[in-house]
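Take a first look at the structure below. The text after it leads you through a few of its parts.

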Amino acid sequence: MRFMSLLIKNGRIITASEDYVADVFIEGEKIKAIGIGLPINADETIDATGMFVFPGGIDPHVHLDMPFMGTFSSDTYETGTRAALHGGTTTVIDFILQKQGNSLKAALEDWRSRSNNNCVGDYSFHMAVTDFNEDTKKEIKHFIEQEGITSFKTFMAYKGALMIDDRQMIGLMEEVKKQGGMVTVHATNGDMIDYLIAKHRGEGKLSPLYHYLSQPEVTEAEASERFVDMANYTGCPGYIVHLTCEGALNAVRNATKRNQTVFVETCIQYLLLDAGLYEKNFDGAKWVMSPPLREKKDQQTLWAGINQGLVKVVATDHCPFNWQQKLMGEKDFSKIPNGHPAIEHRMELLFSEGVNKGKITLNKYVEVACTNPAKIFGMFPKKGTIGIDSDADIVIFNPSEKHTISASSHHMNVDYSGYEGWEVTGKVKTVLLRGKIAIDDNECKLEKGYGQFIKRSKLSGII
Ligand SMILES: [Zn+2]
């Protein structure tokens, strides 16, 4: 059988550890040769002179078509993965949410009914365990060994809907460790937050600003420390999603002093935006998410954390809601659907604000946006790098082209942008997904159904 072939010539190839100019030869879905002046004829040739060639981005934290507060996040699997491709993200990891009282399997089937044959880009799932009991415990092994779903998300907040208590957390960690998986966490103190929300509502303080004031830094620092302690006690690999602040990162820093490995993810918005946005009356609802945006000093902590190797991943927590949906909370901040759109612009924003402004190196950029998510979540070296026999997921990037972010031109299915009017330097030009041209000059060339579910490997041995 003969596969289609493609040659990318003279691009500047950037991986997490290398930086050189060469050609990349692709046959079928895989990278088959890398070298200077490769003497190979291909069916198609792309001249990448003057361009950067990055591995396809991996966003390990997105919520597509997700049921939440009586509505659904506005991007479907089709629109969300397509928008991701436009921005150079070729693989996403979405979250399945167990319904309390039901099995993990029932939740998987529910999520598959929305995602199957609907993705344009590649995808995987984390399994969120919201009700850990003897029956749930028996399902863990099956998810890891048969379904290729090896990471289990937990919530230390949202009591009565998603939260598990510490007793369940310890039980889950022991089982997940035994079976070779990882426990990830939304680490905020749910009881403290519930108290503060009730208090503010009782005092008639109902604007989006009070969403922020109901989740102070200490609620995240406390829970992060508790999670890290439990992970240390059980020996289970642990990963903190969307970490936002100095207090929480210092809890992780302390854990590393006792030679504990724990993985930290932050999201692009926590690096670039701050809580000042909540002072814009109801317009602040655009950025109502949990945890909320923090302060400038926290942004500094997070950039430093990336360079110190404590923050391993920059994701998005993409969870878009249209303005009409956000208006559900017009009179009460606690009814604003949580989340904001970012899946499309993570790679370009991180490049423009991080690499271009001298905060991180090109190699670090690829490490936190592409390579580490693949390594931590069991997809490396199939995904996350440019190497022989890796999937040909490739971004050809013009580092000097300027453009402006706007809801009028983005591809996400949401009617506002959290970054309206931001000028960005650096633009995704061409994207390949498993050897096929996915994006070329702002146009998507793939149909829904091309995106594959990626089974992930066991995660034991990573700490
Ligand atoms: Zn999330």
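**A walk through the model**

Just past helix α13, Gly378 adopts a positive phi of about 75°. Keep in mind that this is a predicted model.

Now step back into the helix itself. Helix α13 covers residues 362–376, which makes 15 residues. From its first C-alpha to its last it reaches 20 Å, close to the 21 Å expected at 1.5 Å a residue. The helix is not straight throughout: α13 bends by about 45° at Val368. How many residues of α13 are buried? The count is 12 of the 15, so α13 is largely enclosed by the rest of the structure. Among the buried residues are Leu362, Lys364, Tyr365 and Val366. Val368, where the bend sits, is also one of the buried residues. Further along, Cys370, Asn372, Pro373 and Ile376 are buried too.

Ile306 lies in helix α10, residues 296–307. Is Ile306 buried or exposed? Its relative accessibility is 0%, so Ile306 counts as buried. The C-alpha atoms of Ile306 and Asn363 are separated by 12 Å. Along the chain, these two residues are 57 residues apart.

Next comes the metal. Which protein residues are donors of the zinc ion? They are His61 and His63, each through NE2, and Asp317 through OD. These donors lie 2.0 to 2.2 Å from the zinc ion. Along the chain their spacing reads H-x1-H-x253-D. His61 belongs to strand β6 (57–62), while Asp317 sits in the loop between β15 (311–315) and α11 (323–326), so the pair ties together parts that are 256 residues apart in sequence. Both His61 and Asp317 are buried.

The last stop is helix α1, residues 77–86. At its start, a side-chain oxygen of Thr76 comes to within 3.2 Å of the backbone nitrogen of Glu78. Helix α1 is mostly covered, with 8 of its 10 residues buried. Tyr77, Thr79, Leu85 and His86 are among them. What do the buried residues of α1 pack against? Their partners include helix α2 (104–115) and the strands β9 (89–97) and β10 (122–128). Strands β17 (423–433), β18 (436–440) and β19 (443–444) are partners as well. After α1 comes Gly88, with a positive phi near 90°.

How values were computed. Residues are numbered from 1 along each chain as its sequence is written. This is a predicted model: local features need pLDDT of at least 70, side-chain atom pairs count only at pLDDT 80 or more; totals for chains, interfaces and linings use all residues. Side-chain values use heavy atoms; hydrogens and water are left out. Donors are N, O and S atoms within 2.8 Å of the metal (3.2 Å for Na, K and Ca); water is not among the atoms, so sites may look incomplete. Helices (H or I, at least four residues) and strands (E, at least two) are DSSP runs, numbered from the N terminus. Buried means under 20% relative accessible area, exposed over 50%, partly exposed in between (1.4 Å probe, protein chains only). Contact means heavy atoms within 4.5 Å. A polar contact is a pair of N or O atoms within 3.5 Å; within protein, one must be able to donate a hydrogen and the other to accept it, and residues adjacent in sequence count only if both atoms are side-chain atoms. The expected span of a helix is 1.5 Å times one less than its number of residues. The bend at a residue is the angle between axes fitted to the seven residues ending there and the seven starting there.
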